[in-house]
Amino acid sequence: MLIYRKKTHLVEAILYMFKTEKIDYIEHDNLEYFNDSINKIVFIDDNNEISKELSDINVPIIIVCDEKRKVETSATINYLLTNLIEDSNEYSDTQKEFLFKKGIYSILNKKILDFINHDDNTNGLCIDTTSCITKENDWIFKFDSIAESYNWLSGKNKQNRANLVKEINIYNEKKIFNDSSKEINYLVNKIMLLKEGAKLIDIFICTTEEFQKLKNNYFFKTLLNNISNTYSIFYINKNKLLDEQELLKELNDGIIIYKDCVYRDTYNDEYSLGYVDCNLDSIKTYNDYFEILLNNYAEKVNKEGEVDGI
């Protein structure tokens, strides 16, 4: 049971961990719904009077607080001290995800998860994280597997169906749509979102020879068939970008620009498809790159028949 008085970034982080770890839980602002099925309590103490209700509880409790306040109860109690109880900073959705996955909130979640997963006879143990400084301070996070990469991309696309997503695809033999089950699922989800009216612009950068291979690809043909008022495809002959080598280098193996982050493809990592950058400066920079390509080099493809003329 998670008990808290108000929804904060800390509460969101704990709920994120519960869902990620598939932990059965209930959440409330008091103990009214406490029952025999609950075997542990995580209590967010923001210096309110709720802690007095814990005196009659007999299941292990972890109290997350900014300073240790003695609670009179016969239950096993451990304390987790943090200065994030009242964190009021503004974060984008992806920045929150970064903090929950890699940042200071992940440290708290690991300690809470240890408490949930292990029976510990210690009583009064106090872990102080108030002076912790995480090494990750660049707002960039990677994935632990290719499957996690695809899952994140699919979920992000669904979340952003109402916002314009901009994708820059640079032809690569390793990247050409193949028949792996994970990629098929990802592409099918993308096509379903396009049919539902998701807003997306795809730019494909390749030579004429590479484009000959691309236009015969089944999924590319399917994308062409789904061109609409909300989905556009543009082609750029890579030879036209000979004077833009620095720009091509910055685009790496491909880019997806979302409202609050940039996803960068990379094929130098055997464990992941790419990584996420949620720096606000990076979002602006890559939006500027996208406009340069779109306005100066891109040729719009309006229907499948036009591909033969390119």
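User: In which parts of this predicted protein model is confidence lowest and in which is it highest?

Analyst: Confidence is given as pLDDT, the predictor's confidence in each residue, from 0 to 100, and it is lowest in strand β7 (residues 140-142), at a mean of 85, and highest in helix α1 (residues 9-20), at 95. For the protein, the mean pLDDT is 86, and 91% of the residues reach 70 or more. Where pLDDT is low, the predicted coordinates should not be read in detail. Because this is a predicted model, local features need pLDDT of at least 70 and side-chain atom pairs count only at pLDDT 80 or more, while totals for chains, interfaces and linings use all residues. Residues are numbered from 1 along each chain as its sequence is written, and side-chain values use heavy atoms, with hydrogens and water left out.

User: How many helices and strands does the protein have, and how spread out is it?

Analyst: Helices (H or I, at least four residues) and strands (E, at least two) are DSSP runs, numbered from the N terminus, and here they come to nine helices and 14 strands. The radius of gyration is taken over C-alpha atoms, and the globule rule is 2.2 Å times the number of residues to the power 0.38. For this protein the radius is 25 Å, well over the 19 Å that the rule gives for 310 residues, so the protein is more spread out than a compact globule. Along its principal axes, the C-alpha trace spans about 80 × 35 × 35 Å.

User: Which strands pair with β13?

Analyst: Two strands pair if DSSP finds at least two bridges between them. Strand β13 (residues 274-277) pairs with β7 in the antiparallel sense over three bridges, and strand β12 (residues 262-265) pairs with β13, also in the antiparallel sense, over four bridges. V276 in β13 is the bridge partner of F141, and Y263 also stands opposite V276.

User: Is N157 buried or exposed, and which residues does N157 touch?

Analyst: Buried means under 20% relative accessible area, exposed over 50%, and partly exposed in between (1.4 Å probe, protein chains only). N157, which lies in helix α4 (residues 146-159), is buried, with a relative accessible area of 13%. Contact means heavy atoms within 4.5 Å, and, not counting residues up to four places away in sequence, N157 touches Y186, L193 and Y258. Of the 310 residues of the protein, 49% count as buried.

User: How many salt bridges are found, and which parts of the chain does the pair of K6 and E86 link?

Analyst: A salt bridge is a side-chain nitrogen of Lys or Arg within 4 Å of a carboxyl oxygen of Asp or Glu, and a search of the whole structure finds 14 of them. K6 forms one with E86, the closest N and O atoms being 3.2 Å apart. This pair links distant parts of the chain, with K6 in the loop between β1 (2-3) and α1 and E86 in the loop between β5 (77-81) and α2 (93-101), 80 residues apart. K6 is partly exposed at 38% relative accessibility, and E86 is partly exposed at 45%.
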